[in-house]
Amino acid sequence: MRTYSPRVGRTFAALLTALLLAAPAGCRKPAQPSEAYVEAQTRFGKLYAAKGDDAFVDPELSAIEGLLAQVPTNSLDAPAANELRARIEDGKQQARSRQRALEEVRSKASEPARMPAEGYGSAPSFPSSRPTEPTAEADDAGTDAGTAGGAPGVGTPAKELASGFSGCFKQGESLQVEGRGLRDRWELSDSKACREQFAALQDQVLIIEEGKVLGLASKKSLQAIPTDGGTPGPAADAGR
C-alpha cells in the first residue's frame, strides 16, 4: 500500500498557491495611450498656433483642461498630460500678470494732468511784457507740475519731452506767439499706444520757452509759422 507524505502535501500546496498568485500578473494588460490626451494635445496645438499667448485667455482652454483631467493616471500619456496641464497653468498666470500691468498703465493714463488755469480747449493768456525771472522755488514748483500724473505740463523741461514719457512726444513746427515771438512747440506722436497713454493731450500742443513748457493750448487755436519764413495765413493767434 502507497503511503501519503505530509511533507509532499505541503510542497504541492505551496506550488499551487504560487501559481494562483502569478496568474493575475501574467494576464494584466499593458498601459495604453489616452484618446483624451491625444485630442487635448491636438486642440491646444491648433489654438496656440492661431492665437499665440492669447490662447491662454481663450474660452476653449477650459474644454482642453477638461480632456486632460480625463487621462487615467496609469496611461502611457499621463506624464505628457501633466506637462501640458502645467504649461497651460503657467501661461494663464502670465496672461493675468500682463492684464494687470495693462490695467495699471491705462489707469495712470486716465488720471488728469495738472494743467494751467485756462484748462483744455482754450489758448493760454500771455502777458505783453516779458515776465520776471522765476525764483528757484517757482522753478521747482513748475517742474513738479509738469511731471505730476505721469504726463507733461507747465514747467516740464523740453529735454524730458525728448527723452522721457515713453518717447510719445515729438517737436513740431514753430509758433509765433504775440508779445513773445517765435517759440518751439511739441505735440503727441500719432501712435495708438501714445494716444491711449496720454489721451488728454491728443489735441494739445506744448509751447516751449527757455527750455521748459510755458503753456498748453488747443491745436485749433494756434498758428503754425511756414518753414520758409513767409507770412502765416489768417488764423487764431496763440497769444489771444
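Asp58 touches Leu47 and Lys51, leaving aside residues up to four places away in sequence. This residue of the predicted model lies in the loop between helix H2 and helix H3, the latter covering residues 60-69. Asp58 counts as buried because its relative accessible area is 14%, and buried means under 20%.

**The chain as a whole**

The protein chain contains seven helices and five strands. Along the sequence, these elements follow the pattern α-α-α-α-α-α-β-β-β-α-β-β. The chain has 240 residues, of which 31% count as buried. Among contacts with a separation of 6 or more, 54% are made by residues 24 or more positions apart.

**Two packed helices**

Two packed helices are described by the angle between their axes and the distance between the axes. Helix H2 spans residues 35-51, and helix H4 spans residues 78-110. What are the angle and the distance between the axes of H2 and H4? The two helices pack at an angle of about 35°, and their axes are 10 Å apart. The crossing of H2 and H4 is left-handed.

On the H2 side, the residues in this contact are Tyr37, Ala40, Gln41, Phe44 and Tyr48. They meet Ala80, Ala81, Leu84, Arg87 and Ile88 in H4. Of the residues in the contact, eight are nonpolar, one is polar and one is charged.

Strand E4 comprises residues 204-209, and it runs antiparallel to E5, with six bridges joining the two strands. One of the pairings can be named: Leu206 has Leu216 in E5 as its bridge partner. Is strand E5 mostly covered or mostly uncovered? Strand E5, residues 212-218, is mostly covered, since five of its seven residues are buried.

Two residues lie between the strands of this hairpin, where Glu210 takes a positive phi near 55°. Most residues other than glycine have a negative phi. Glu210 is a residue other than glycine with a positive value. Glu210 counts as exposed because its relative accessibility is 53%, and exposed means over 50%.

**Residues in the loops**

Phe165 also has a phi near 55°, again a positive value in a residue other than glycine. Its place is in the loop between H6 and strand E1, which covers residues 169-171. Why does Phe165 count as buried? Phe165 does so because its relative accessibility is 16%, which falls under the 20% limit.

Thr156 is found in the loop between helix H5, residues 136-147, and helix H6, residues 158-163. Thr156 is buried, with a relative accessible area of 0%. Thr156 and Leu214 are 58 residues apart along the chain, and their C-alpha atoms are separated by 8.5 Å.

The table collects the accessibility of the loop residues discussed here.

| Residue | Relative accessible area | Class |
|---|---|---|
| Asp58 | 14% | buried |
| Thr156 | 0% | buried |
| Phe165 | 16% | buried |
| Glu210 | 53% | exposed |

Note on methods: Residues are numbered from 1 along each chain as its sequence is written. This is a predicted model: local features need pLDDT of at least 70, side-chain atom pairs count only at pLDDT 80 or more; totals for chains, interfaces and linings use all residues. Side-chain values use heavy atoms; hydrogens and water are left out. Axes are lines fitted to C-alpha atoms, for helices over the stretch in contact, and angles run from 0 to 180 degrees between N-to-C directions. Helices (H or I, at least four residues) and strands (E, at least two) are DSSP runs, numbered from the N terminus. A crossing is left-handed if the near helix is turned anticlockwise from the far one by less than a right angle, and right-handed if clockwise. Contact means heavy atoms within 4.5 Å. Ala, Val, Leu, Ile, Met, Phe, Trp, Tyr, Cys and Pro count as nonpolar, Asp, Glu, Lys and Arg as charged, and the others, Gly among them, as polar. Buried means under 20% relative accessible area, exposed over 50%, partly exposed in between (1.4 Å probe, protein chains only). Two strands pair if DSSP finds at least two bridges between them.
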